[in-house]
Amino acid sequence: MISLKPTRSALTLVAILAAAFLLVGCGGAPATGWSSARVVDQTAYLGTTAGKIMAVNTADGTVLWQYPKDGTLKSIYGTPAIVDNVLYVGAFDHKMYALNAATGEKKWEFDAGAPVVSSPTVGGGIVYFGSN
């Protein structure tokens, strides 16, 4: 059985990451996204104000992967959903993305025709989300 008891260093790391993201988002540049993290099996998945989707090891803060490796998705407003090792997240570039949660490799993308500003949810094999 895996213990989910947070350690002091893990809580400190999460607090530092949260403060850093808030400071960047509230800095001189206009706010460009407010994604919350989704934590599964000691990995935090989050969208950044820089238009990246990241997986971060919650034990030591190591960035496991980021998508895209080059470029940006513009803004990430919604919190990712994870079902069966697939991460679903929408972006301001009008697309919903499905990524392999372990590797960050893109499985598919869907062009919604407008910015995706909601958090997706998955039920019965269908991804539900809203766009402008």
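Among the contacts in the protein with a separation of 6 or more, 34% are accounted for by residues 24 or more positions apart, a contact being defined by heavy atoms within 4.5 Å. The structure is a predicted model, in which local features need pLDDT of at least 70 and side-chain atom pairs count only at pLDDT 80 or more, while totals for chains, interfaces and linings use all residues. Residues are numbered from 1 along each chain as its sequence is written, and side-chain values use heavy atoms, with hydrogens and water left out.

The mean pLDDT (the predictor's confidence in each residue, from 0 to 100) of the protein is 83, and 75% of its residues reach 70 or more. Over residues 22-32 the pLDDT falls below 50, and this stretch has 11 contacts in the model beyond near neighbours in sequence.

The secondary structure consists of 1 helix and 10 strands, arranged from the N terminus in the order α-β-β-β-β-β-β-β-β-β-β. Helices (H or I, at least four residues) and strands (E, at least two) are DSSP runs, numbered from the N terminus. Of the 132 residues, 34% count as buried; buried denotes under 20% relative accessible area, exposed over 50%, and partly exposed the range in between (1.4 Å probe, protein chains only). The accessible surface of the protein amounts to about 7,700 Å², and 59% of this belongs to carbon and sulfur atoms. Accessible areas come from the Shrake-Rupley method with a 1.4 Å probe, and for residues only the protein chains shown count as cover.

Strand S2 (residues 43-47) pairs with S3 in the antiparallel sense over 5 bridges, and leucine 46 stands opposite methionine 54 in S3.

The largest nonpolar core has 13 residues, of which Ile53, Trp65, Tyr67, Leu73, Leu87, Tyr97 and Leu99 touch the most other members. Such a core is a set of buried Ala, Val, Leu, Ile, Met, Phe, Trp, Tyr and Cys residues joined through side-chain atoms within 4.5 Å. Two or more residues of this core are given by each of strand S3 (53-57), strand S4 (63-67), strand S6 (86-90) and strand S7 (95-100). Apart from this core lies another, of 5 residues, among them Val86, Tyr88, Met96 and Val116.

Not counting residues up to four places away in sequence, tyrosine 67 touches Gly51, Lys52, Ile53, Leu73, Tyr97, Leu99, Gly104 and Lys106. A cis peptide bond with omega of about -10° joins tyrosine 67 to proline 68, and proline 68 lies in the loop between S4 and strand S5 (81-83).

Definitions and conventions:
Pairing = 2+ DSSP bridges.
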